[in-house]
Amino acid sequence: MLNQYGRKNLTGKKLTISIGEPWDFISSEGKNHLNAEIISISNEEEKEFWMLCDVTPFFIENIKISQVIVIERYFSESIMESLFKSNYAVCNFVYSKNGELIYTSDDVKKLLSNNKYGFLVGGISLENSFPI
């Protein structure tokens with residue numbers, strides 16, 4: 001059933017992100033909150049699901065972060081399935097510790113494969129829920 005919507009249909013969609021960890025998180029949108037736009041998404045052949053998002057800026061150790069990679073927090077819980085069922089998914093949000101922008105899927109894979117990233121924990125919902 002999920003395949004009828006397709007991953008490509010998510011590109012350009014807006015997300016609301018709520019941050020649970022760290023508990024004292026603050027962005028330019030306020031406490032424990034980010035707005036995001038999906039700019040790229042993993043293809044269906046890739047082993048791990050991810051979404052690259054531009055987000056409202058936040059700072060970690062005086063470094064401006066304006067992108068996150070949304071990945072599954074628990075391998076047993078699919079982001080797509082959770083969004084389809086309830087328009088909410090628990091996720092990790094990976095970011096480049098030096099604030100470097102990510103342009104390609106190769107950049108995403110490179111960041112996820114090294115230890116030069118930080119992450120936040122929280123959840124996402126689509127501004128306009130399924131069907132998309």
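Student: Which helix gives the most to the lining of the largest pocket?

Tutor: This is a predicted model, where local features need pLDDT of at least 70 and side-chain atom pairs count only at pLDDT 80 or more, while totals for chains, interfaces and linings use all residues. Residues are numbered from 1 along each chain as its sequence is written. A pocket here, on a 1 Å grid over the protein atoms alone, is an open set of points with protein on both sides within 12 Å along at least five of seven lines, and lining residues have an atom within 4 Å of a point. Helices are DSSP runs of H or I, at least four residues, and with three residues in the lining the top contributor is α2 (residues 105-113).

Student: What is the volume of that largest pocket?

Tutor: Its lining includes Asp107, Lys110 and Leu111, and by class it has three nonpolar, three polar and five charged residues (Asp, Glu, Lys and Arg count as charged; Ala, Val, Leu, Ile, Met, Phe, Trp, Tyr, Cys and Pro as nonpolar; the others, Gly among them, as polar). Volume means the space filled by probe spheres set on the grid points, which are joined across faces, edges and corners. For the largest pocket that gives about 250 Å³.

Student: And which strand has the largest share of the lining of the largest cavity?

Tutor: A cavity is a set of points where a 1.4 Å probe fits but cannot get out, and the largest one has a volume of about 50 Å³. Strands are DSSP runs of E, at least two residues; β6 (63-72) and β7 (89-96) each supply at least two lining residues. The largest share, three residues, comes from β6.

Conventions
Side-chain values use heavy atoms; hydrogens and water are left out.
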